[in-house]
Amino acid sequence: MSIEFQVADMTCGHCAKTITAAVAQAAPGATVTIDLPTHRVTVTGADDADKIEDAIRDAGYQPQPV
Ligand SMILES: [Cu+2]
């Protein structure tokens, strides 16, 4: 299962790193794929979308579930 978010305010490598770390902490063992040009965050191997969404928000970004 994969969970996707659109994160419009993820704009650079630093944002991507911060979000990757936040998701990794919320969903240990999940794989996080970031596509910066489309502002897309894809998480595979996790099933709690709300928890991941909260983690991205707590990191300072505005995730929109896709
Ligand atoms: Cu950035």
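Two residues are in contact here when they have heavy atoms within 4.5 Å of each other. By that rule, and leaving aside neighbours within four places in sequence, alanine 22 is in contact with Ala55 and Ala59. The model is predicted, so local features need pLDDT of at least 70, side-chain atom pairs count only at pLDDT 80 or more, and totals for chains, interfaces and linings use all residues. Residues are numbered from 1 along each chain as its sequence is written, and side-chain values use heavy atoms, with hydrogens and water left out.

- Four strands make an open sheet in the order 2-3-1-4, with antiparallel pairing; strands are DSSP runs of E with at least two residues, helices are runs of H or I with at least four, and both are numbered from the N terminus.
- Strand 2 and strand 4 (63-65) are the edge strands, each pairing on one side only, where pairing asks for at least two DSSP bridges between two strands.
- From one strand to the next, the twist averages 25 degrees; axes are lines fitted to C-alpha atoms, for helices over the stretch in contact, and angles between N-to-C directions run from 0 to 180 degrees.
- Five bridges join strand 1 (residues 2-7) to strand 3 in the antiparallel sense, and isoleucine 3 stands opposite valine 43 of strand 3.
- Strand 2 (residues 31-35) and strand 3 (residues 40-44) are also antiparallel over five bridges, with threonine 31 partnered by threonine 44.

**The helices**

- Helix 1 (residues 13-26) packs on the sheet and touches strand 1, strand 2 and strand 3, with its direction at about 160 degrees to that of strand 2.
- Helix 2 lies across strand 1, strand 3 and strand 4, and runs at about 30 degrees to strand 1.
- Alanine 22 belongs to helix 1 and counts as buried because its relative accessibility is 14%; buried means under 20% relative accessible area, exposed over 50%, and partly exposed in between (1.4 Å probe, protein chains only).
- Although 35 residues separate alanine 22 and arginine 57 in sequence, their C-alpha atoms are 9.3 Å apart in space.

**The copper site**

- Cys12 (SG) and Cys15 (SG) coordinate the copper ion at 2.0 to 2.1 Å; donors are N, O and S atoms within 2.8 Å of the metal (3.2 Å for Na, K and Ca), and the site may look incomplete because water is not among the atoms.
- Cysteine 12 is partly exposed at 33% relative accessible area, whereas cysteine 15 is buried at 7%.

**Salt bridges**

- The count is two salt bridges, each needing a side-chain nitrogen of Lys or Arg within 4 Å of a carboxyl oxygen of Asp or Glu.
- One joins glutamate 4 and arginine 40, with the closest N and O atoms 2.7 Å apart, and it links strand 1 to strand 3 across 36 residues.
- Glutamate 4 is partly exposed at 27%, and arginine 40 is partly exposed at 26%.
- Glutamate 53 and arginine 57 form a salt bridge at 3.3 Å, N to O; both lie in helix 2, four residues apart, about one turn of the helix.
- Glutamate 53 is buried at 14% and, beyond its neighbours within four places in sequence, contacts Phe5, Pro63 and Pro65.
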